[in-house]
Amino acid sequence: MTSTPPDSPAMVLIPETELGDIVQRALARMGLAGAHVQAIAKVIVSGQRDACQSHGVYRLISCFDAVRAGKVKLDAEPTVSITGGPIVQVDAQFGFSPLAFERGLPALVEATRRHGLGALVIRRCFHFSALWPEIEAITAHGLAALALTPSHAWVAPAGGNQPLFGTNPIAFGWPRPGPYPYVFDFATSAIARGDLELHRRAGKSLPEGCGVDAAGQPSTDPVEIARGAMLAFGGHKGSALATMVELMAGALIGDWTSQESLAFDDGAGVTPCHGELVLAFDPAAFSGGDGEAQTARAETLLDAITAQGARLPSQRRFAARERSQAEGIAVPAALYAEILRLVS
Ligand code: NDP
Ligand code: PYC
């Protein structure tokens, strides 16, 4: 059952279970194995529930394109290697990443509890998702977390004008009392590729500072920027963070950089294939106490942020989650029609 929210005639409201069912049917029709269908649907529906338009149900189209290009292994069985040390390795076997993360999570949590800090290394995965669902899955265990992943070479280094870095997101989470952790999750490019694509599809210009055309000249046209290069956020600072992601979640873990991911894509234009590095920290192991003073200190800091009238990252997302749970998930009507075509 669908309805239209009064404040946005271009959106339809879909109950979460109904949207989940549609997304699962669409993924199953693509030929994905059941475990992948479940894991991917959870991530995609959560994205839409939290009003993340660039990483919600729109990503079904990315999955469809990747499957149609014949690159993704539809029934890949991720293999988890546990040595008893702090590093857990998962080989995604060229499947989509959500199942690989799900399979590695219990071992990551166990390794982090045992050693105080743990690392989950995921290799050879097609990665299309936001990172915060992974971060929240870790903070739910009372652990702090940091996740990094490259993508495709779309972004020029500061001072250059040729694509080299991915949009390389960095996400961090800190567990808090109450239902919601502190989480930020952002691309190191001035705009995520998903947002560039949504602007292109809508025929809209991007804000200034997002990219250059093929001649290296500043542009606000998403088509021209896709032919040229996107830019890092914050000039040399975002550029250095993007470099760190390439080094830590590419070179360090023995998987592809964004350049190598794009070379593997070989013009197919599908979602990037590379690795991911997820770090987890047990606050109790770092504080030398029971963690209570640490929690109090963190809460004092976070409260001081909001006391100034500033909002915390993810606050918009959590408010959208509550709205979705009460009223249904808002989906752009045109996108919803497109998605229904994937199941009809
Ligand atoms: P945004 O710029 O939309 O948001 C970045 C973060 O800042 C969010 O945590 C957001 O919280 C927070 N934020 C935004 N505005 C404020 C504010 N005024 N005060 C405090 N906090 C604020 O993110 P991006 O567009 O850069 O990235 C979107 C998604 O794309 C991410 O989830 C990322 O993981 C994903 N991505 C995935 C890639 C991949 O390779 N898999 C590549 C690149 C991006 P809130 O959400 O509540 O607004
Ligand atoms: O939005 O930049 C992006 C992105 C790349 C891969 C998945 N999302």
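How many residues of the shell around ligand 2 are nonpolar, how many polar and how many charged? The shell divides into 4 nonpolar, 5 polar and 1 charged. Here Ala, Val, Leu, Ile, Met, Phe, Trp, Tyr, Cys and Pro count as nonpolar, Asp, Glu, Lys and Arg as charged, and the others, Gly among them, as polar.

## Model and numbering

This is a predicted model: local features need pLDDT of at least 70, side-chain atom pairs count only at pLDDT 80 or more, and totals for chains, interfaces and linings use all residues. Residues are numbered from 1 along each chain as its sequence is written, while chains are lettered from A and ligands numbered from 1 in the order in which they are written.

## Domains

The protein chain is divided into domain 1 (1–68 + 315–344), domain 2 (79–183 + 237–313) and domain 3 (190–231). These bounds come from an automatic or database domain assignment.

The centres of domain 1 and domain 2, taken over C-alpha atoms, are 24 Å apart. In domain 1, 16 residues are in contact with 15 residues of domain 2. Two residues are in contact if their C-beta atoms, placed from the backbone, lie within 7 Å. On the side of domain 1 that touches domain 2, the elements giving two or more residues are α2 (34–49), α3 (59–68) and α12. Helices (H or I, at least four residues) and strands (E, at least two) are DSSP runs, numbered from the N terminus. The largest share of that side, 7 residues, comes from α2. By class, the side has 8 nonpolar, 6 polar and 2 charged residues.

## The ligand shells

Ligand 2 is surrounded by Ser54, Phe128, Ser151, Thr167, Ala187, Ala192, Arg193, Gly194, Thr271 and Pro272. A residue is near a molecule if its C-beta atom, placed from the backbone, lies within 6 Å of it. Ligand 2 lies between domain 2 and domain 3, because both give residues to its shell.

Ligand 1 has 26 residues around it. The closest are Ala130, Phe186, Ala187, Pro313 and Arg316. Elements giving two or more residues to this shell are β8 (182–186), α6 (193–202) and α12 (315–327). The shell around ligand 1 divides into 11 nonpolar, 10 polar and 5 charged.

Two packed helices are described by the angle between their axes and the distance between the axes. Axes are lines fitted to C-alpha atoms, for helices over the stretch in contact, and angles run from 0 to 180 degrees between N-to-C directions. Angles under 35 degrees count as roughly parallel, over 145 as roughly antiparallel, 65 to 115 as roughly perpendicular and the rest as oblique. A crossing is left-handed if the near helix is turned anticlockwise from the far one by less than a right angle, and right-handed if clockwise.

Helix α1 (residues 16–29) packs on helix α13 (residues 333–343) at about 50 degrees, with the axes 8 Å apart. The two are therefore oblique to each other, and α1 passes α13 in a left-handed crossing. Ile22, Arg25, Ala26 and Arg29 of α1 meet Ile339, Leu342 and Val343 of α13. This contact has 5 nonpolar, no polar and 2 charged residues.

The axes of α1 and α2 come within 9 Å and cross at roughly 135 degrees. This pair is therefore oblique too, but the crossing is right-handed. Residues in the contact include Leu19, Val23 and Leu27 of α1 and Ile40, Ile44 and Val45 of α2. By class, the contact has 9 nonpolar, 3 polar and 2 charged residues.

## Helix α2 against α4

The axes of α2 and helix α4 (residues 97–115) come within 8 Å and cross at roughly 95 degrees. That makes α2 roughly perpendicular to α4. Ala35, His36, Ala39, Ile40 and Val43 of α2 contact Pro98, Leu99 and Glu102 of α4. The classes are 6 nonpolar, 1 polar and 1 charged.
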